[in-house]
Amino acid sequence: MILLSGGTVYTPLQEHPQTSVAIKGGRIASVAPDAELTGLADAAETIDVSGCIVCPGFIDMHVHGALGASFSTHSVEDVHKICAYRAETGTTGLLATVGTAAWEHTVGALETLVEAAVHPTGTRLLGVHMEGPYLSPERPGAMRIPLMREPSVNEVAALQDVAQGMIKSMTLAPEREGGLELVAYLAKHDIIPSIGHSDATFEEVAAAVRSGVRQATHTFNAMRPLHHRDPGTVGGVMAHAEITAELIGDGAHVDPQVGRLLIAAKGWERVALVTDGVEFSGLPAGRYERASGVAVTVSEVLATRNDGTITGSSSAMNRNVRVYVEAGIPLPHVLAMASYVPARQLGLSDRKGIIQAGADADIAVLSQDFRVMLTVIGGEIVHRAPEFSSS
């Protein structure tokens, strides 16, 4: 048994100062004021987390890699390296994002993820997010136009067979020919259809929602923008309550004040913080080269091409939480957008993204300046800052 004592527990929506969390057998055994659980101290590894934020572990629905490794490569070791790093940033579960690539490369990446999931290390793989290949050449972002394909139900069925059911969401441009048919297929087969890299009009977004679109990929980025005479894809995402909007929380992909407008329009309940973290996350700032030969400049926040095109984020989820707290969003809401909202979107909110008795023991402990001090996944401590010791 592990006892986290003395911290302020966020469930995430309720705040409980000087509260202990008891962990046993991979689950949360109890959550109660410190005084009520003092009798457990002798039977548990007690960790004093006084002055810290104790919250549900983050769930990242859109992340590509870290430390020079990518989920789109064919290395189980790379997958485990990424997951080990992400655990250090407070992320306890993620969807491994596979970007638009040649068919054979995509198949190989899915096969590797299936193999890696058998023996998890660090952050748990909750499934796969396919970012493409059925995207709009009008809104490519960092995706390569020659590798984009026409929407195909048969291809998706084949990919899900390779992935052994691990594909949980797919980004697509529903306005493309065959797009609405694919949206309906995805929704029927429990794959979240997410509108992204899309040039859809407001009316086309509405049609996509009727067909089953329930999510938006990195809202504002690589989609038809909001204009007061053309609401576009962004306007459609903001107007439809059925859509949960991903928001890259690094403060650069989307200015935090614009992020606040999105949260005001949709409510925190329909906004999920994501990193869109690329393979250079966690590395020192500098210039790097992708496997494709494209040179990128990486900072603590962004990866950009020589022409200035943003090609992903290098900001970790704990930093993104800090960005939106500093922007004025209440801490419980920001924590929920990084944990409970994505858990609910993935159908896991009965046991993940929450701190309550019986839930999975996936917990992040943060300092007041949002450094990750402790990460617990499935009841096991997978990251511990040097400041913490057992008593």
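Reader: Why does Arg 290 count as buried?

Author: Arg 290 has a relative accessibility of 18%. Buried means under 20% relative accessible area, exposed over 50%, and partly exposed in between, with a 1.4 Å probe and protein chains only. Arg 290 therefore counts as buried. This is a predicted model, in which local features need pLDDT of at least 70 and side-chain atom pairs count only at pLDDT 80 or more, while totals for chains, interfaces and linings use all residues. Residues are numbered from 1 along each chain as its sequence is written, and side-chain values use heavy atoms, with hydrogens and water left out.

Reader: What makes the contact between Glu 279 and Arg 290 a salt bridge?

Author: The N to O distance between the two side chains is 2.7 Å. A salt bridge is a side-chain nitrogen of Lys or Arg within 4 Å of a carboxyl oxygen of Asp or Glu, so the pair qualifies. Glu 279 lies in the loop between β15 (271-274) and β16 (286-289), and Arg 290 in the loop between β16 and β17 (295-298), so the pair ties together parts that are eleven residues apart in sequence. Helices (H or I, at least four residues) and strands (E, at least two) are DSSP runs, numbered from the N terminus. Glu 279 is also buried, at 12% relative accessible area.

Reader: How many salt bridges does a search of the whole structure find?

Author: The search finds 14. One of them joins the side chains of Asp 360 and Arg 27, at 3.0 Å from N to O. Asp 360 sits in the loop between α10 (340-345) and β20 (363-366) and Arg 27 in strand β3 (residues 27-33), so this pair ties together parts that are 333 residues apart in sequence. Asp 360 is buried at 9% relative accessibility, whereas Arg 27, at 39%, is partly exposed. A network of salt bridges links Arg 27, Arg 351, Lys 352, Asp 360 and Asp 362.

Reader: Which parts does the pair of Arg 224 and Asp 199 tie together?

Author: The side chains of Arg 224 and Asp 199 meet in a salt bridge of 3.3 Å, N to O. Arg 224 is in the loop between β13 (215-216) and α6 (232-239) and Asp 199 in the loop between β12 and α5, so the parts tied together are 25 residues apart in sequence. Asp 199 has a relative accessible area of 18% and is therefore buried.

Reader: What is found about the phi of His 197?

Author: His 197 is not a glycine, yet its phi is positive, about 45 degrees. Most residues other than glycine have a negative phi, and most peptide bonds are trans. His 197 is placed in the loop between β12 (192-195) and α5 (202-211), and its relative accessible area of 3% makes it buried. Gln 18 also has a positive phi of about 45 degrees and is not a glycine. Gln 18 belongs to strand β2 and counts as exposed, at 59% relative accessibility.

Reader: Where are there cis peptide bonds?

Author: One joins Thr 11 and Pro 12, with omega about 15 degrees. Pro 12 is in the loop between β1 (2-10) and β2 (15-24). Another joins Gly 132 and Pro 133, also with omega about 15 degrees. Pro 133 lies in the loop between β10 and α3.

Reader: Why is strand β10 largely enclosed by the rest of the structure?

Author: Strand β10 (residues 124-131) has eight residues, and seven of them are buried, so the rest of the structure largely encloses this strand.

Reader: What makes Thr 375 buried?

Author: Its relative accessible area is 0%, so Thr 375 is buried. Thr 375 is found in strand β21 (residues 372-377).
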